[in-house]
Amino acid sequence: MLDIRWICDNPKTFDKFLSQRGVSAASSVLVDQDAKRRMIQSKLQKLQERRNLASKEIGKAKGQGLDTKILIREVGDLKEKIQVLEEEEKNVSEALLNLLLSFPNNVDEDTPKGRNEDDNLELRKVGTPTQFDFPVRDHVEIGELLCEMDFKKASGLSGSRFVILSGALAKLERALGSFMLDVHTREFDFMEVIPPVLVKSDALYGTGQLPKFKEDLFKTEEDLWLIPTAEVPLTNMHAGQILSEEELPARFTALTPCFRSEAGAAGKDTRGMLRQHQFNKVELVSICHPEKSQEEHERIMEAAEEILNRLNLPYRVMRLCTGDIGFSAKKTYDLEVWLPGQKKYREISSVSNCGDFQARRMKTRFRPKEKKQTEFVHTLNGSGLAVGRCLIAVMENYQNEDGSIRVPDALKSYMDGLDVINVG
RNA sequence: GGAGAGGUGGCAGAGUGGUUGAAUGCACUGGUCUUGAAAACCAGCAUACGUGCAAGCGUAUCGAGGGUUCGAAUCCCUCCCUCUCCGCCA
């Protein structure tokens with residue numbers, strides 16, 4: 001959510017940012033609505049002031065045994081007017097808030113301009129696409145040979161876009177998650193958390209999934225929502241609080257299942273486990289001082305890249321363009337891992353600086369030293385990494401001609417020293 | 001799920017209809033005193049919004065939302081949460 005005062009002061013800039021994301025200008029509506037709100041509020045407050053004064057006088061007069069009829073009638077009149085204005089004020093404020101909640105974050109000035117993912121900027125490549133001297137298989141074929149990846153049985157249980165992993169593959173997925181958490185907690189100072197994967201709508205408003213992206217989410221009958229990413233519970237860890245400066249940065253990491261209904265992506269990536277309704281992900285979240293968010297962003301990138309580096313997976317780093325960057329983000333890097341089965345780089349991590357956009361929504365503030373006024377914190381999040389996709393990457397990059405998979409060195413200790421997952 | 005208790009400022013804890021945004025204590029900040037420290041004493045110390053160049057003034061907020069009343073932290077209703085006991089359960 002953007003600061004309405006900033007929008008009123010910079011309507012042109014606001015509209016420019018919107019157009020870069022392909023959203024039409026909206027500043028005039030917001031500015032008008034805010035002016036209306038302030039007018040009503042001023043009016044209301046004057047009446048309330050008079051009412052409070054008169055009520056106090058009544059109290060005093062009664063104490064002295066004086067007549068209070070006239071005063072009481074005056075307040076009675078005021079009361080009616082106040083009720084009407086209160087109603088109006090509530091409606092106008094709510095409308096303004098709902099408007100504000102529906103607009104995306106401003107992107108950083110140096111964000112590459114573009115319409116969609118094709119216009120993202122490649123910053124660098126690390127490693128080179130894995131070479132094979134035999135016909136490569138994709139993870140679905142390998143999984144079938146291993147008899148440890150079952151889409152049919154999963155769809156019987158749960159419908160399309162689910163998978164059942166078993167045996168060594170299941171263990172490999174677990175190994176990946178543990179390995180990632182260990183790196184982040186030991187080497188990058190993130191605190192491991194096991195958060196709820198069901199959350200109230202407030203949390204989703206806080207991080208920006210609601211109200212705009214309802215269709216992407218699963219909701220329970222009890223008005224709880226399945227998290228689409230651990231970003232939601234982790235970023236909301238301090239929602240509504242005023243932190244002291246010493247508490248920053250707060251860094252959290254969690255391995256959770258993530259649930260996405262992906263209604264808009266029907267027909268996309270239908271093969272394999274690249275796009276599932278449920279997948280595991282290790283998430284990194286940082287809640288930090290506004291002046292530190294840039295360097296914190298790089299730090300999260302470092303942590304995420306470290307995983308790919310240790311697994312020796314070829315990848316590239318992308319800077320998302322104005323047309324592809326997420327709703328809450330002002331700056332985003334994507335990490336794309338090389339998938340030999342597709343002969344393509346595919347997203348395996350997205351690392352975003354959200355500035356104070358989410359903090360404003362969830363009211364996470366801190367008190368700067370030597371200052372009376374509170375300030376909104378900055379929030380950042382990144383995948384470190386998507387475990388399911390990482391499993392795919394390992395399977396495809398570490399495959400042998402017979403369909404067996406070599407276990408990456410970094411994971412051996414997590415696999416009881418197993419070197420190769422053999423076709424069974 | 002059943003029975004009971006309770007949700008007040010950073011914390012503890014008063015306050016059951018009338019200058020109560022809220023006593024008191026602790027914590028914190030500044031000052032006096034002291035060679036320094038401690039102690040003692042004095043002062044300050046919530047958030048958001050509105051208004052104003054500013055000092056300031058005003059409004060709202062005592063879990064949330066409604067209601068009663070001229071006036072609500074205090075009374076009524078609904079919901080949420082926490083604690084204790086019982087039941088159930090991984």
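Reply: Sugar or phosphate accounts for 79% of the atoms of RNA strand B that lie within 4 Å of the protein, and the bases supply the rest. This is a predicted model, in which local features need pLDDT of at least 70 and side-chain atom pairs count only at pLDDT 80 or more, while totals for chains, interfaces and linings use all residues. Residues are numbered from 1 along each chain as its sequence is written, chains are lettered from A and ligands numbered from 1 in the order in which they are written, and side-chain values use heavy atoms, with hydrogens and water left out.

A residue counts as near the strand if one of its heavy atoms lies within 4 Å of it. There are 23 residues around RNA strand B, and those that come nearest are Gln 41, Gln 48, Val 75, Arg 367 and Thr 374. By residue class, this surface divides into 11 charged, 8 polar and 4 nonpolar residues. In this scheme Ala, Val, Leu, Ile, Met, Phe, Trp, Tyr, Cys and Pro are nonpolar, Asp, Glu, Lys and Arg are charged, and the others, Gly among them, are polar.

Several polar contacts can be given in detail. The term denotes a pair of N or O atoms within 3.5 Å; within protein, one must be able to donate a hydrogen and the other to accept it, and residues adjacent in sequence count only if both atoms are side-chain atoms. Gln 41 places a polar side-chain atom 2.5 Å from a sugar or linking oxygen of RNA strand B. Two or more residues of the surface near RNA strand B come from each of α3 (27-63), α4 (69-101) and β13 (365-367). The largest share belongs to α3, with 13 residues. Helices (H or I, at least four residues) and strands (E, at least two) are DSSP runs, numbered from the N terminus.

β13 leads on to a sheet. This open sheet has 3 strands in the order β7-β13-β14, with mixed pairing. Its edges are β7 (242-244) and β14 (375-376); each has a single partner strand, so one side of each is left without a neighbour in the sheet. Strands are taken to pair if DSSP finds at least two bridges between them. The pairing of β13 with β14 is antiparallel, over 2 bridges, and Phe 366 stands opposite Glu 375 in β14.

A pocket is found on a 1 Å grid over the protein atoms alone: whereas a cavity is a set of points where a 1.4 Å probe fits but cannot get out, a pocket is an open set with protein on both sides within 12 Å along at least five of seven lines, and lining residues have an atom within 4 Å of a point. The second largest pocket holds about 430 Å³ of space, the volume being the space filled by probe spheres set on the points, with grid points joined across faces, edges and corners. Of its 14 lining residues, Met 1, Asp 3, Ile 4, Arg 360 and Phe 376 lie nearest the centre. At least two lining residues come from each of α1 (4-9) and α4, and α4 gives the most, with 4 residues. The lining divides into 7 nonpolar, 1 polar and 6 charged residues.

Chain A is assigned domain 1 (4-101) and domain 2 (117-421), with bounds that come from an automatic or database domain assignment. Each of these domains gives at least three residues to the lining of the second largest pocket. The C-alpha centres of domain 1 and domain 2 are 43 Å apart.
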